[in-house]
Amino acid sequence: MIAINGALTGQFGIYTATIIIHIAGLLVIGAVVLFKRDRIFTRGGAWYWYLGGMVGVFTTVSNNVAFGRISVSALLALGLLGQSVSGLVIDQFGLFGMQKHSFEKQKIIGLLLVVAGIASMINNFEILAMVVSFAAGVTIVTSRTLNARLSAATNVRTSTFYNYVVGLFCAILAFLLLGRGEIAFVEVLPLSASWYMYFGGMLGVCVVLLLNVTVVKISAFYLTLLIFIGQIFSGVLVDAFLDGEVSIRIIVGGVLVGLGMCANLIVDNRKATAAK
């Protein structure tokens, strides 16, 4: 999804691409809620649970800014660092009404392995790209947590629908404030021959739906690491496709992150066994 959205950004610009992504996503989830006849205007939960889409716009813009400045794998690694830090904070304090998962000293070794894996994947120290990639990771956890809370109060489809409605409104506002140098959205946009670039929004709907189901079931930190295992190896494939080579360093980094996650899972399993 990051690679597809990055290609769309190269065609239209950061803010115009963000609007297109949200329009595509809204059309897909809108069709789904109409088919399922969901009562999307029945309010449920706290008002701030509806702001996941607003936070998600910053995630999309940040990834679009960083794409091309650093490798996809480095972008994912820095995003993971941001997700890990925010995930630990949410788990520790039970923010947004989530269940508390206190950090234990025995997990420091596993955490160090995760950090070592992330560090090994970063090969380009462009400050702007690094900062926005880290910030994107923080916003990913915040957005998915808010969406999951709304999903629990309504359903996964309604939560996803509001994610794209609010996100599209904020994307248009961002375009009006910051995207004046790009293609005017009121004009007819020149379509690209690379049709696949318009499927980023559809993939985003799938991501949001899946996260709405899983976020409330496991800790934010472990969800981040499990997602990363899938992301990093798909990132290796994308980098191989774009650059024509496979990075052993990136693969080693992914393995270190996986080992760190396994070490922490062992600690949790021992604690659960001792509590029985």
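Predicted model: local features only at pLDDT ≥ 70, side-chain atom pairs only at ≥ 80, totals over all residues.
Residues are numbered from 1 along each chain as its sequence is written, and side-chain values use heavy atoms, with hydrogens and water left out.

Let's start with helix α1, residues 2–12. Helices here are DSSP runs of H or I with at least four residues, numbered from the N terminus. Which residues of α1 are buried? They are Ile2, Ile4, Asn5, Gly6, Leu8, Thr9 and Phe12, where buried means under 20% relative accessible area, exposed over 50%, and partly exposed in between, using a 1.4 Å probe and protein chains only. The cover over those residues includes α2 (14–36), α3 (52–66), α4 and α8 (200–214); contact means heavy atoms within 4.5 Å. After α1 comes glycine 13, with a positive phi near 105°.

Now for a pair of helices. Two packed helices are described by the angle between their axes and the distance between the axes. Helix α4 (residues 72–93) and helix α6 (residues 127–153) have axes that come within 7 Å and cross at roughly 45°. Those axes are lines fitted to C-alpha atoms, for helices over the stretch in contact, with angles from 0 to 180 degrees between N-to-C directions. So α4 and α6 are oblique to each other: under 35 degrees counts as roughly parallel, over 145 as roughly antiparallel, 65 to 115 as roughly perpendicular, and the rest as oblique.

Let's zoom in on leucine 78, which sits in α4. Is leucine 78 buried or exposed? Its relative accessibility is 5%, so leucine 78 counts as buried. Leaving aside neighbours within four places in sequence, leucine 78 is in contact with Ile70, Ile122, Met130, Ser133 and Phe134. Leucine 78 and valine 131 are 53 residues apart in sequence, yet 8.4 Å apart in space, C-alpha to C-alpha.

Over in helix α7 (residues 156–178) we find asparagine 163. Asparagine 163 counts as buried because its relative accessibility is 7%. Not counting residues up to four places away in sequence, asparagine 163 touches Gly52, Gly53, Ser143, Asn147 and Val208.

Last, the cysteines. Cysteine 170 is buried, at 14% relative accessible area, while cysteine 206 is partly exposed, at 40%. How many disulfides are there? The count is zero, taking a disulfide as a pair of cysteine sulfur atoms within 2.5 Å.

Terms used:
Helix = DSSP H or I, 4+ residues; strand = E, 2+ residues; numbered from the N terminus.
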